[in-house]
Amino acid sequence: MARIAVCWGMLVLLLAAELAAARLGSGIGVGVLAVLMVLVIVLGFMQILRAPPLAIIFALGGLFWLTILLALGSLDSFTRTTVPVHAAALPGPTAE
Amino acid sequence: MSDGSALDHHSPYETPLHRDETAVAGMWLFLASEALLFGGLFLVCLIYSHTRAGGWAEGVRHTNLSIGAANTLILITSSAVYTMAVEAGKRGDNRRVVRAGLGAAVLGLTFLALKGVEWGQEFRENLFPGPHFALHGPDTGGAQLFYSFYFLATFLHGMHMVVGIGLILWICRKARHRAFSAAWNTPVDIVGLYWSFVDLVWMLLFPLLYLIGRA
Amino acid sequence: MSGTLDPSAPQRSYLWQDGTLRSWLLTRDHKRIALLYLGSITAFFALGSVGAALVRLQLLEPTGTILSDATYNRMFTMHGVVMVWLFLVPSIPVTLGNFLVPLMLGARDLAFPRLNLLSWYLFVASGLLVVYGLFRGGLETGWTFYTPLSSEYTEGRVLPVVLGVFLNGFSSIATGVNFIVSIHQLRAPGMGWYRLPLMLWALYATSVIFVLATPVLGITLLLLAFEHLFRVGVFDPSLGGDPLLFQQLFWFYSHPAVYIMILPGMGVVSEIVSTFCHKPVFGYRFVAWSSVSIAAIGFVVWGHHMFVAGTSLYSAIVFSMFSFFVSVPSAIKVFNWLGTMHGGSIRLDAPMLYAMGFIGLFTVGGLTGLFLASLAADVHLTQTYFVVAHFHYIMVGGMVSAYFGGLHYWWPKITGRMYPETWGRLAAGLIFFGFNLTFLPQFILGFEGMPRRYATYPAQFQVLNVLSSAGAGILAVAYALPLVYFTWSLFRGARAPDNPWRATGLEWRTASPPPVENFAETPVVTTYAYDYAELDGRAGPPGTAVGGPHV
């Protein structure tokens, strides 16, 4: 019971901090706080550390593949030079 | 339907503990799969919020922060309340499983109701992307992409909520028939994992849809 | 009926335990579910073949023979969608895999039997949706559904097909979860990871792809359906959206899915090669880990499908490099199979013929893959018949050969009957010949510049196209043969002994066909996977087994 109450309190505080960070315009701050909230849920509510070891392996595996998807999936867009993806209007080939 | 802690003779397991641990591990594996399902959405968000930063931020500014924050609080609470059901299940306390389960389900329904109100507002304000889209800023395209993401992400999350609430009600029904005991309560546990995961996804969607780029 | 039949404890085979239709449709027995799947994917294989036949008929003449351009587009789409999702992706895992995973583990069933049945129903539902879409309106996008063609310009039935493939994904995920958890949790006493048959390593690696790649296909198709249904922008370039993002997401699934369509075949071939050479697999641990590394590296090579699509050079270089890496574990497998065959007493029964066909055809398919992984060569070869020939060498020459090889190999175990060996060898030879006649000319066509997916072509390509179509005709006959003699053998085939091939592996230690509970008593594993010396000691006169385990 106490564990649940503590986790709930932490989540509420983190939510408040997140709203404050958003008001200050700190995107990174919001991101860090969101990750902390996820950690509280995974450790506090889902109790991954008390689950069978396989569960931890599966969770880390999922996280690893998620990283691959996000990292390699965005690689092209973030490094593309032939076709401008930033332009506000219709994308067209840049004049060399 | 094999309930109770006994193993029937076709069961592939040696002991009840073996079976229950396998079920929990299986649920985690399924959740890893679910994470990749939402991962595709996150990639869309990551790329467009970067390449169409202006329009994207304009979209973020038009979401309803008060409903979003209230819903976040509701979901945190719902997840906490259901975790109490999991604890009660471990003690074999079926009455508390029912009470906590119903509490979590009601909170979940409240979330969906508020989400419905929010969607209704957005439809009235023509924020659904299309030819009549309301935001005419310099990057209306980016704002439309944001709202495509917004509606699909909240829809997908909402569908997970519906499934989760259904599962919780199923647990409540079983608990009313005193199905769980200190020796056997794996379904309560597994539904808890799913419900917390749905909560977890919202903890990531909330900042992406409402906060980052707002100020 | 079988050698181990103990009169005091009459065991009944899973096939005839209870013959009612209801008992089949509600079964939770992995062996029966495997047969339900076998029936369904055979039907879809036939349907996909019809698409291929029509395509090859059309290409007999440069201006086309029978189909309008629009119908041609629909036919190659049908061929692709049905063959990929309703036949190749499920093929070995859901039939042989479902049947064998518990037997090879020494378990009574998979970890989640009800989930297993659910996966079959999802599969059937998805198949019906896809077929409905393809026949009531059709679809012309090709199996890749590229936007904006599929979202804005298509005149076909995108929604039912896309939703069907979406459902199909959940069927795959269910199977993958079941296999992974079963292999972790249900190994018989004494069955350590390095005592697993290599088939299980391959299926484990496949399942990782099922579980972690398929959901991304799900969300991709959902985004596509959302864009198409509501006419909103997701990948729409006129809003500044990025159509290439669709391709990124699609290939994040579909390239690993290519390994779904070959890894199980590699597992089957490892089993067959070892058995018919009566030798342990050379370099067991290398073969085992190469499966895992193919699955892992296979996730980071998808960008090679988009070299000419306008992706950045950095991304192209990274993906090209990884694509070269993935050929290393594939080569390890090929060399280790050859190492296993070296000095073995090779028996050329039908399964072995298929396995040898696999090794040769897969090698050709794999090596031509390196051409396509090279940035400069790919610019010339992409979107030509070279690509078509390349992936058919892997998927048809490789996977379908392995599938047929596996069916022949385990047919006695599945049905309790032997197939006619002469016919089996004839069909294997015919498939190998017909396959090469069909697809070897396509390499040349592609190299000379004939683009894929066109209903017509310049007249100078006609000779090679006619050869290719002739090969397709031979293939059609060759694929029909097993259907006939397998059905015949069900009723007239000789009774199969428990271990007709003198193979190791727990599945051969139980009756043919196995009883409902698989094993009369849970087997205990005391040796590594391919211990022929132990087997020969158990089974009578010492055979020709040579060598101990390799690393």
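Author: Let's start with contacts: two residues are in contact if their C-beta atoms, placed from the backbone, lie within 7 Å. In chain C, 84% of the contacts with a separation of 6 or more are between residues 24 or more positions apart. Bear in mind that this is a predicted model, where local features need pLDDT of at least 70, side-chain atom pairs count only at pLDDT 80 or more, and totals for chains, interfaces and linings use all residues. Residues are numbered from 1 along each chain as its sequence is written, while chains are lettered from A and ligands numbered from 1 in the order in which they are written.

Staying with chain C, you'll find 18 helices and zero strands; these are DSSP runs numbered from the N terminus, H or I of at least four residues for helices and E of at least two for strands. The C-alpha trace of chain C spans about 75 × 50 × 45 Å along its principal axes.

Phe135(C) is partly exposed because it has 13 other C-beta atoms within 10 Å. Arg157(C) is 22 residues away from Phe135(C) in sequence and 9.2 Å away in space, C-alpha to C-alpha.

Now for the other chains. Between chains A and B, 42 residues of chain A are in contact with 39 residues of chain B. On the chain A side, α1 (2–24), α2 (27–45) and α3 (53–79) each supply at least two residues, and α3(A) gives the most, with 14 residues. By class, that side of chain A has 31 nonpolar, nine polar and two charged residues; Ala, Val, Leu, Ile, Met, Phe, Trp, Tyr, Cys and Pro count as nonpolar, Asp, Glu, Lys and Arg as charged, and the others, Gly among them, as polar.

Methods:
A residue is buried if 20 or more other C-beta atoms lie within 10 Å of its own, exposed if 12 or fewer, and partly exposed in between; C-beta atoms are placed from the backbone.
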